[in-house]
Amino acid sequence: MLTRLLLCLLASLTTVAATDIDWWENAALYQIYPRSFQDSNGDGVGDLQGITRRLAYLKEIGITATWLSPIFSSPMSDFGYDISNFTEIDPTFGTMDDFKAMMVQTKSLGLKIILDFVPNHSSDECEWFTKSVNRQDGYDDFYVWHDGKVNATTGEREPPSNWVSVFGGSQWTWHETRQQFFLHQFQVKQPDLNFSNPMVREHLLDVLGFWLDLGVDGFRIDAVPHIFEHRNSDGSYRDEPLSGWSSDPNSYDYHNHIYTKDQPATVELMYEWRDYLLEYQAKHGGETRVLLAEAYSPVETLSAYFGNETRLGTQLPMNFQLMYLSGFSTARDVVGSIDYWMNTMWSRHQTANWVVGNHDTPRVASRMGAHKVDLLNVIVNALPGASVTYYGEEIGMSNVETECTEISCDGRDGERTPMQWAPARNADFSTAESTWLPIGPDFERLNVRTERGVARSTLQVFKGLQQLKSSSAFLSFKQPGGFSYEAITEQVLQIIRTNQRNEEFRILVNMGNKIEMINGLSNKVYEFVLATAYSVHRIGETIDLSQVLVMMPYEAIVLRWLA
């Protein structure tokens, strides 16, 4: 409690008008997994024309910007995160003309596009890698190569270090043509680029410039912690120590990754890329171009990625703390997750963002329960800062059981199934005989068309939350006392948003399975402006919060006071 009071006091030291809020600071961001959003040509796979067709939906539900998972040329070993050409559209998704048409429609709707940027590695089918294998055209050390070590007993050549890849097994693979080991922190088909080479950095800046020239509004940087590795002055690599978290030497958790994650040079690279975006804006004008950083890193590291006293980095180092909540999490657990971010990031930088799902994580309905989807949507949109929604979470989609096919055999397929648009064939995602992944069995109940017509559906609650973001109270989050949050009981979370003059919202969320009786929250009379399906209250009714407020299990409400 004391910590949160100190945070509010700190915020009161500086008065910032709502007009000083940049677009990304209060944005509603939305991740699209292109293969699964909308199929336009009947092949069972989503594409760019399909996204263009559905852009008006994003405008309808109040989205500011949408982040697209990779759409670039790729052999699809890791579904686009293995890029063979960073400036071409993969035919799976369409053509460059399709991309340009999508950008035109995006701008006409007042939306923004953020592209996935995958700098850590390329595909082994990338022209750069082929040139590096053959030591051509200055590409000799474009990737991380090493002769390895010779075993003194067996005389056999071994990897230069004990590093284990994210997907298991050694990070080092011997290449027969080049007669050296190459590094891959992920799949063997995803060789790591060598960012110690200035030529690599120049090539990746060219990639950023290429897409900026086509009108994109920013980039989500993939796998940020892995970009640099520690290399000794003699060119050797140190073994990583045991972590104690796993007994399997081929598991990524077997080692403590002190030499392959979050290196100081990676922080400096984030500053370099932010400088490039600032220079681009100074030259070309327009609104701020944004950088999101995917980094499952300690908050102190995320703070460094954001910036320091003299340098600016990524505006949105992504905050995954709420993704660690479970179906048993209480309001106090939620506050603990919020505090972990706010005690550092808000205290130092006055910035926040909240992520509850992505293409690598089971959906909220599957990891917490369908009855808690609305609660998480309310929390992330009621807290100050930007919200990040994974497609389908706004209608309560859950993971789908999948089987290995020729197209995909990935343990993460369950959270990547096609968007459920309507109670129609293939959920109106595709006209194909079959889709690349199966449609969820609950699509006739959980879909956009149906939920548009249900007053307290997950979709309607989500849309109502976005509408609040333009209110004076919500836009005052950087002003003195503009927000607060606390667990007022073990299970009930309260978030307050206020302009300190004539408008205040109280958002209350009951995380528990029992009725809660709350007395004396305020001496004001409030109006119910939003309520979830578990609530017995009607929109428009009023309540004197000096009296008892009764909250049903899993209920969330938004109350508004106007002077």
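Buried means under 20% relative accessible area, exposed means over 50%, and partly exposed lies in between (1.4 Å probe, protein chains only). This is a predicted model: local features need pLDDT of at least 70, side-chain atom pairs count only at pLDDT 80 or more, and totals for chains, interfaces and linings use all residues. Residues are numbered from 1 along each chain as its sequence is written, and side-chain values use heavy atoms, with hydrogens and water left out.

Start with I515. Its relative accessibility is 49%, so I515 counts as partly exposed. I515 sits in the loop between β18 (503-510) and β19 (516-519); strands are DSSP runs of E, at least two residues, and helices are runs of H or I, at least four, numbered from the N terminus.

Now the aromatic rings. A pair of rings is described by the distance of the centres and the angle of the planes. Rings of Phe, Tyr and Trp (its six-membered ring) pair if their centres lie within 6.5 Å; planes under 30 degrees apart are stacked, over 60 edge-to-face, the rest tilted. The structure holds 32 aromatic pairs. In one of them, W172 and Y237 have ring centres 5.3 Å apart and planes at 55 degrees, so the pair is tilted. This pair links distant parts of the chain, 65 residues apart: W172 is in strand β9 (residues 172-175), Y237 in the loop between β11 (218-221) and α6 (264-284). Both W172 and Y237 are buried. Elsewhere, F86, W128, F129, Y139, F142, Y143, W145 and F182 form one aromatic cluster.
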